[in-house]
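I opened the model today and went through it from the overall fold down to single residues. My notes follow in the order I looked things up.

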Amino acid sequence: MTIEPITAPDVHPIQEVLNQVHEKYRSLNLGTPATYIPELAKTDPKLFGICIVTVDGEQFSVGDAEQLFTIQSISKVFVHGLALEDHGREQVLSKVGVEPTGDAFNAIVLDEQSKRPYNPMVNAGAIATTSLIKGQGASERLNRMLAMFERYIGHESYIDMPTFMSERTTGFRNRAMAYLMRNFGMIDDRIDESLDLYFQQCSLMVNCCDLATMAATLANQGKNPRTGVQAVPSRYVRDMLSVMYMCGMYNYSGEWAYRVGLPAKSGVSGGLMVVVPGRLGLGIFSPPLDERGNSVRGVKVCEDLSEQFGLHLFECEERS
Ligand SMILES: NC(=O)CC[C@H](N)C(=O)O
């Protein structure tokens, strides 16, 4: 009888990298989960998942990759896409600017001259793009929004009622911004309906593999690489990615662009989504946030991966 030597099964190089970074940052215990939305304060700070989906549709994950959480601000990217699809580039630009702000995501501030919110990635701008979603009444608009998310995710998702109600009853700042924008004609009269839609989009449940698939769809010119469905017309992907690149990480966006050099969007529940155009999408979930509202482990993992693999968009190969 011959005994076969026991050899480790081949681990895909991407899987190996994910395992390594997960192990490296798992014990990093900095930051705290958001508490201003009562429902978010209940999350477990130890949860940590990472997922990569390539433009060929391959998926790799590590840690709590199945854990569901509310998408929060990451939804803003996709609703911006829907507003572009519904109204076109110039019409959207007339209501929401594309200038980065050095202010916090929930700052009550509009552009002094144009009275537009600064960009679609801060709360005021996101409420304005949400108000642009077409449809007859609240349920048609909500259904159009959910159908849009389903194209990116590749399956149905649902809205977490406790989080939605939590935001709906405590989101006075967002309500104040909406009324201010109504005053300047930046949003229409459906103020409460649009605010509900905004709170609902933020409460959509995803896991980090859903985020990676959504990011991979943007990396793949708007076509979901796992289902083959065109989630958004490809001509709008560049608009979505440029705004993400300049404004996606709140008031850390400049330093993020400088250090990591990739379009990304974070959310207060601890999600982070990164697009490597033409190559892959990355989704991370880790609830503890830094003082600007970005996931501490999420930022570390991305800085590490970008450096290790030269992912920065402006990285130049050394000429030999
Ligand atoms: N940064 C975020 O994720 C903010 C979204 C959150 N729902 C809010 O409106 O405050």
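What percentage of the 320 residues of the protein chain count as buried? I found 48%. I note here that the model is predicted, and the values below are computed from it.

**Overall fold.** I counted twelve helices and seven strands in the protein chain. Along the principal axes, its C-alpha atoms fill a box of roughly 80 × 45 × 35 Å. I then checked the radius of gyration: a compact globule with 320 residues would have one near 20 Å, so the 20 Å of the protein chain agrees. Next I looked at contacts between residues at least 6 apart in sequence, and 70% of these join residues at least 24 apart.

**Core.** I looked up the largest nonpolar core, which has 88 residues. The residues with the most contacts inside this core are Cys51, Ile127, Cys208, Ala212, Ala215, Ala264 and Val274. Helix 9 (residues 208–219) supplies the largest share of the core, nine residues.

Setting aside neighbours within four places in sequence, I found Ala264 in contact with Met244, Gly248, Met249, Trp256, Leu272, Met273, Val274 and Cys302.

**Ligand.** Which residues surround the ligand? I wrote down Gln72, Ser73, Phe105, Asn106, Asn123, Glu167, Asn174, Cys202, Gly267, Val268 and Gly293. Sorted by class, this shell has seven polar, three nonpolar and one charged residues.

Technical notes. Residues are numbered from 1 along each chain as its sequence is written. This is a predicted model: local features need pLDDT of at least 70, side-chain atom pairs count only at pLDDT 80 or more; totals for chains, interfaces and linings use all residues. A residue is near a molecule or strand if its C-beta atom, placed from the backbone, lies within 6 Å of it. Ala, Val, Leu, Ile, Met, Phe, Trp, Tyr, Cys and Pro count as nonpolar, Asp, Glu, Lys and Arg as charged, and the others, Gly among them, as polar. Helices (H or I, at least four residues) and strands (E, at least two) are DSSP runs, numbered from the N terminus. The radius of gyration is taken over C-alpha atoms; the globule rule is 2.2 Å times the number of residues to the power 0.38. A residue is buried if 20 or more other C-beta atoms lie within 10 Å of its own, exposed if 12 or fewer, and partly exposed in between; C-beta atoms are placed from the backbone. Two residues are in contact if their C-beta atoms, placed from the backbone, lie within 7 Å. A nonpolar core is a set of buried Ala, Val, Leu, Ile, Met, Phe, Trp, Tyr and Cys residues joined through C-beta atoms within 7 Å.
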